[in-house]
Amino acid sequence: SSIAGSVYSLVCNVKVVDGLVVVPDVVWRMKDGRVLVNGTNTTLTRTVSGGNITLNLTFSPLLTSHGGQYTCVATISIPQISLNVTNSSTVTVSVQIPVPNVTISFVPLGSSVYSGNLINISCVFTVPSEVDSSVMFNNLWIGPQGPIVNGNRTTITTAQSIMFYNTTLLINPLNPSDTGIYWCVANIFSNSSYILAS
């Protein structure tokens, strides 16, 4: 697997039989059979050297939507003698979701909070634009006494879009037992078997 946002290449090498007059047609196909062409994030480079044809498929940058199966297909067709020979090889591209950026903030601002008041602690996880497929988040708040859930004094809210996940912990009212370190932990995952969680 490779991380979304990196440059990733697939290489197809086809050895041409000595003395063959017809040069094989070599293409990369997606799982649904579509032939890949040069595009915004994909570049095809064909080289012929000696008895080899090489077709490179480069993703730059690699997007999560590029995850899937790709097949290199080589075809020799000579209609005059009704010859049509095809050979293919399939590879799977798995894309790993990069670790998101995390921003933590809290209200009230400042270094001191007081018993009886409230505090909002927000955690925003932002994924890069190369994550262009649907992903899901789940999160866990951990405080001085362990995992935190919705309760009498604690409320956890979440909001999600394609590019970010925001979770907020409200503690109201604060008491001395709330003093300590708080962790906001999130997992990112996808229903696609070609997209790997971070």
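Mentor: Happy to! Cys 12 counts as buried because its relative accessibility is 8%, where buried means under 20% relative accessible area, exposed over 50% and partly exposed in between, with a 1.4 Å probe and protein chains only. Please keep in mind that this is a predicted model, where local features need pLDDT of at least 70, side-chain atom pairs count only at pLDDT 80 or more, and totals for chains, interfaces and linings use all residues. Residues are numbered from 1 along each chain as its sequence is written, and side-chain values use heavy atoms, with hydrogens and water left out.

Cys 12 is bonded to Cys 72 in a disulfide, with 1.8 Å between the sulfur atoms; a disulfide here is a pair of cysteine sulfur atoms within 2.5 Å. The link ties together distant parts of the chain, 60 residues apart: Cys 12 sits in strand β2 (residues 8–15) and Cys 72 in strand β6 (residues 68–78). Strands (E, at least two residues) and helices (H or I, at least four) are DSSP runs, numbered from the N terminus. The angle about the S-S bond is -70°, making the link left-handed. Cys 72 is buried too, at 5%.

Searching the whole structure turns up one disulfide. As for other cysteines, Cys 123 is buried at 0% relative accessibility, and Cys 184 is buried at 17%.

Now the cis peptide bonds. One joins Ser 60 to Pro 61, with omega about -5°, and Pro 61 belongs to the loop between β5 (52–59) and β6. Another runs from Asn 172 to Pro 173, with omega near 0°; Pro 173 lies in the loop between β14 (164–171) and β15 (183–189).
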